[in-house]
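Hi,

Here is the structure I said I'd pass on to you. Have a look at it first, then read my notes below.

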Amino acid sequence: MELNNHFLDLKDSYLFSTVARKVREYQASHPGVKVYKLSIGDVTLPLAPVVIEAMHKAVDEMGKKETFRGYGPELGYDFLREKIQAYYKRLPVDLDLDEIIVSDGAKSDLGNILDIMSPNNKVLIPDPVYPAYVDVNIMAGRKIDTCAGNAENGFKPMPNDSYKADVIYICSPNNPTGAVYTKDELKAWVDYANKQNALIIFDAAYEAFVQDKSLPHSIFEIEGARTCALEICSFSKTAGFTGTRCGYTIVPKELKFNGISANALWNRRQSTKFNGTPYIIQRAAEAVFTDEGQKQIQANLEYYRENARIIKNALVEKGIYCVGGENSPYIWLKCPNGMKSWEFFDKLLNEKGVVGTPGAGFGENGEGFFRLTAFGDRETTIEAVKRITEIL
Ligand code: PLP
């Protein structure tokens, strides 16, 4: 018996535990002093009333013999898939129902999708980025190359013929930088992937924050993407489902490698290893797409967007280099006076009682940068921004 020793190659994830420890220590030595947190990547507003109503109704159905549901379709109920299909149509992107596979969230799909790929694939991951991409590939023993996001490319690394990747991760709007690829920039990645016979895993978890009409919400808005990309998305940030758990992955029928259909393999993988997202949760997700649901969801998103504007405007006024914040809930700023990420973290916490996330925790190119989130409440955001600008 041998355990998977690739797990030993994982770096301990110190980022959020270290942030939490430092905040605890600060609070212990400053009893009664309020701490202003702009560090979390989790939503803070409650679920929309339509979502709650839909869940109550579904719970009642589960309590009656006539309407009780047992195992559902592994790939998702059609009532939800049809709503997702219509949601993409507005872009406009046409999808077949069986290209939409419902899940319990983007993180599961990001990890599980590796099941349908050869362990020999070489993987290209942007740096800085959402840490799960790196960790799931390390667990599977895959070789990882990184492409650097930096101030020169606006934290949007572009393809380069020196990369020899089989699988490419793209997250747009990006966590942690908030950078959003334009259609032309995504087209360059799509052309590169088609030329290299590579797969793009496009993470659209923050697509609902895109407001600029010229920017893409989905990689399938780009010509040629159906032969090289799959897209993973989630209700977590769109509709506050971080604790409710629902997501979906789009795998086009044209996505084939050596004549093998990725859609067929993903269907088979999910049908074998997953018994579907709970009925109650799929009804909750369905409610997001009703007219009233969209109105309520947009009101919540607008609340976060206003937070983002407050943060971004204050930083710009101070002449601080930053990206994100307009089409994303994250603002990524350069630490002042050449400070390192953790140095700036300590200064902000100790001098102003404000907490953010050190960029160095998202990859080596994040060193010297800092992430602020728009997911806090308004009062905290305003006070934290006032305090941050005092030391910039
Ligand atoms: N992808 C990105 C880029 C994220 O930032 C997150 C969560 O923060 C996820 C995926 C996970 O989403 P879910 O809650 O659907 O698992």
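**What I found**

Let's start with Ser-234, which sits in strand β7 (helices, H or I with at least four residues, and strands, E with at least two, are DSSP runs numbered from the N terminus). Before going on, some housekeeping: this is a predicted model, where local features need pLDDT of at least 70 and side-chain atom pairs count only at pLDDT 80 or more, while totals for chains, interfaces and linings use all residues. Residues are numbered from 1 along each chain as its sequence is written, and side-chain values use heavy atoms, with hydrogens and water left out.

Back to Ser-234: is it buried or exposed? Ser-234 counts as buried, because its relative accessibility is 5% (buried means under 20% relative accessible area, exposed over 50%, and partly exposed in between, with a 1.4 Å probe and protein chains only). Its side chain reaches the backbone nitrogen of Ser-236 at 2.8 Å. That is a polar contact, meaning a pair of N or O atoms within 3.5 Å; within protein, one must be able to donate a hydrogen and the other to accept it, and residues adjacent in sequence count only if both atoms are side-chain atoms.

**Around the ligand**

Ser-234 also has a polar side-chain atom 2.6 Å from an oxygen atom of the ligand. On its own the ligand has 400 Å² of accessible area, and the protein covers 91% of that (areas come from the Shrake-Rupley method with a 1.4 Å probe; for residues, only the protein chains shown count as cover).

Which elements give two or more residues to the shell around the ligand? They are α4 (106–112) and α7 (236–239), and α4 gives the most, with three residues. There are 15 residues around the ligand, and Asp-203, Tyr-206, Ser-234, Ser-236 and Arg-245 come nearest (a residue is near a molecule or strand if one of its heavy atoms lies within 4 Å of it). By class, the shell has seven nonpolar, four polar and four charged residues; here Ala, Val, Leu, Ile, Met, Phe, Trp, Tyr, Cys and Pro count as nonpolar, Asp, Glu, Lys and Arg as charged, and the others, Gly among them, as polar.

Most residues other than glycine have a negative phi, and most peptide bonds are trans. Arg-245, in the loop between α7 and β8 (247–250), has a positive phi near 75°. Arg-245 counts as partly exposed, because its relative accessibility is 31%. Asn-197 is in the loop between α6 and β6, with a positive phi of about 60° although it is not a glycine. Asn-197 is partly exposed too, at 47% relative accessibility.

Now for the cis bonds. The peptide bond from Leu-91 to Pro-92 is cis, with omega near 0°, and Pro-92 is in the loop between α3 (78–89) and β2 (100–103). Ser-172 to Pro-173 is also a cis peptide bond, with omega near -5°; look for Pro-173 in the loop between β5 (167–171) and α6 (183–196).

Happy browsing!
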